[in-house]
Amino acid sequence: MIEATGLTKHYGRTVAVDDLSFSVEAGRVTGFLGPNGAGKSTTMRMILGLDNPTRGRVTVDGKDYRSLHKPLHVVGALLDAKWVHPNRSARAHLQWMARSNDIPDKRVDEVLDLVGLTQVAKRRAGGFSLGMSQRLGIAGALLGDPKVLMFDEPVNGLDPEGILWIRQFMHRLADDGRTVFVSSHLLSEMAQTAQDLIVIGRGKLISQTSTEQFIKDATEDTVRVRSPQLERLRELLDGRARVADAAAADGALVVHGVEPSFIGELAAANGITLHELSPQLGSLEEAFMQLTKESVEYHAADADQATDARPIGSHESAG
Amino acid sequence: MTLLAVERIKLFSTRSPWWCMLLALGLTIGVTAIIAANWDNAPMPVLGAVFTHTFGLYVIMVMAALAVTTEYRFGTIKSTFQAVPDRISPMIAKAVVVVLLSGLVGLASAFGSWGLSWVLADDNSELALTTANDWRHVAGVGLVFAAGALLALGVGALVRQTAGAVSIILVFALVVESVVGFIPNIGDDIQKWMPFTVASKFIFGDPDPSAIPEGAGPPAIGELSPWGSFAYFAGIALVIYVISLVVVKRRDA
């Protein structure tokens, strides 16, 4: 379990993290969400004792990271896949890390196998693709078989195959009962990976809830209906729900505030044929941008290009 | 002990330390060989075999600085501190490994130079290591390399950048220490206390009278005895190294 209380970090005049308090529950995947520059990486570095907080405190299993003995057995972390000497072989890199925490050499081969790098273990890490570097970093995080795992933007810059692999790997880790704390600036990515969300912007906590609750609160669900008897349906819905015409050529209604089943039953009871009845999940990205709009560090000149509600599942292609 | 193994793996699993060691040995022994082969007219003194040790010293100091700065350059220092968060023990382990290795390279380069001089010099009647001073001239190189490496580790950990650390070390040793002598009135007095100048007195100072032909030889400046000179040089190295430990412990990694 990771617990932060009043965590604050100043770099000169810049406030990177501002009075941040949160807790990461054991045995769950918790997403750490925020726009670029929100202070996610700084927070993670403070968790690992790499940066010293200006104020406040963060503990892992109730202890300061810097007081942990052989910490690789407690927390495994991948903050930057490029923290490897480019002329050192993947195996040598893992070997020195293992040795520092009295982890047997046998385990190095195990984790190499686990992430599928056995074939290239003797090659210099500098020649690795980003995906391979990312795997090497994960292998390093797993060396001590820790209960807590931390990843900073693990899918950033990966191809779809790499993203899928990381996503599935994280689910496997969580299924093992491990605590996974993973940061991202993409809500759509987190929606598929994390059970809980900690959302920050400009170093401040915006919300800490379950992912489900966050999406429910942040988005409004609508239903899209198409029918040859659209006008009749509109009359029937009048007063029961808020109705808007969808894009003109479409010949569809967008209904707010009622369940799809309600519309279906209403149509059946009145003998109306339906050609389409589809629930729309409000755009996650839109909701996220709404929430963090105030706290994005650098605005583009016109960042307000709100996107329309998209059908369920369409956000899977994002990221 | 395990941390020593860690630092050993780190040092020897990259190429630059190997190149530095080879270069240190090659430069020192190679140039000495040229000197020895051309030493005519008089018997070659023991000091003549170690004139060039400073070349190797600079190279070995670059190696020691690199051992720290590359960790910062590639971010492995963060992995190191993540694995051993007290920070001090891995830095000490690194110092032990690098200092020991540098001492060994120093010994190898000095005895290699001396051995090759013995073979190449026309007259090696004065080259035998007969007195304690003779031994200090040659074996002392190992100590100077070791202390120099410690100094370079400290500078490297303070500066964190390869280019910065290497320039500071080389510019200080090669330029500042000689230029300082040109300051009017006080220049000579300051120069007498410059660390590398003092270190060379440890190697070259108090030769046995017979070893120096016609009073010639490298300068041995300084107020201290040869061993006092070494203590001074090693002391400065240790102070800078300890300061670097304190800074590393406090600073954000």
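The legends below describe close-up views of a predicted model. Local features need pLDDT of at least 70 and side-chain atom pairs count only at pLDDT 80 or more, while totals for chains, interfaces and linings use all residues. Residues are numbered from 1 along each chain as its sequence is written, and chains are lettered from A and ligands numbered from 1 in the order in which they are written.

**View 1. The open sheet of chain A.** Six strands with mixed pairing make up this sheet, in the order 5-6-7-3-8-9. Strands (E, at least two residues) and helices (H or I, at least four) are DSSP runs, numbered from the N terminus; two strands pair if DSSP finds at least two bridges between them. Strand 5 (75–78) and strand 9 (204–210) of chain A are the edge strands, each pairing on one side only.

**View 2. Strands 3 and 8 of chain A.** Strand 3 (residues 29–33) and strand 8 (residues 196–201) of chain A run parallel and are joined by four bridges. Opposite A:Thr30 stands A:Asp196 in strand 8 of chain A.

**View 3. Helices 6 and 9 of chain B.** Helix 6 (residues 132–159) and helix 9 (residues 195–204) of chain B pack with their axes 8 Å apart, at an angle of about 150°. Axes are lines fitted to C-alpha atoms, for helices over the stretch in contact, and angles run from 0 to 180 degrees between N-to-C directions. Helix 6 and helix 9 of chain B are therefore roughly antiparallel to each other (angles over 145 degrees count as such). Helix 6 of chain B contributes B:His137, B:Gly140, B:Val141 and B:Val144 to the contact, and helix 9 of chain B contributes B:Ala199, B:Phe202 and B:Ile203. Residues are in contact if their C-beta atoms, placed from the backbone, lie within 7 Å.

Note on methods
Angles under 35 degrees count as roughly parallel, over 145 as roughly antiparallel, 65 to 115 as roughly perpendicular and the rest as oblique. Two residues are in contact if their C-beta atoms, placed from the backbone, lie within 7 Å.
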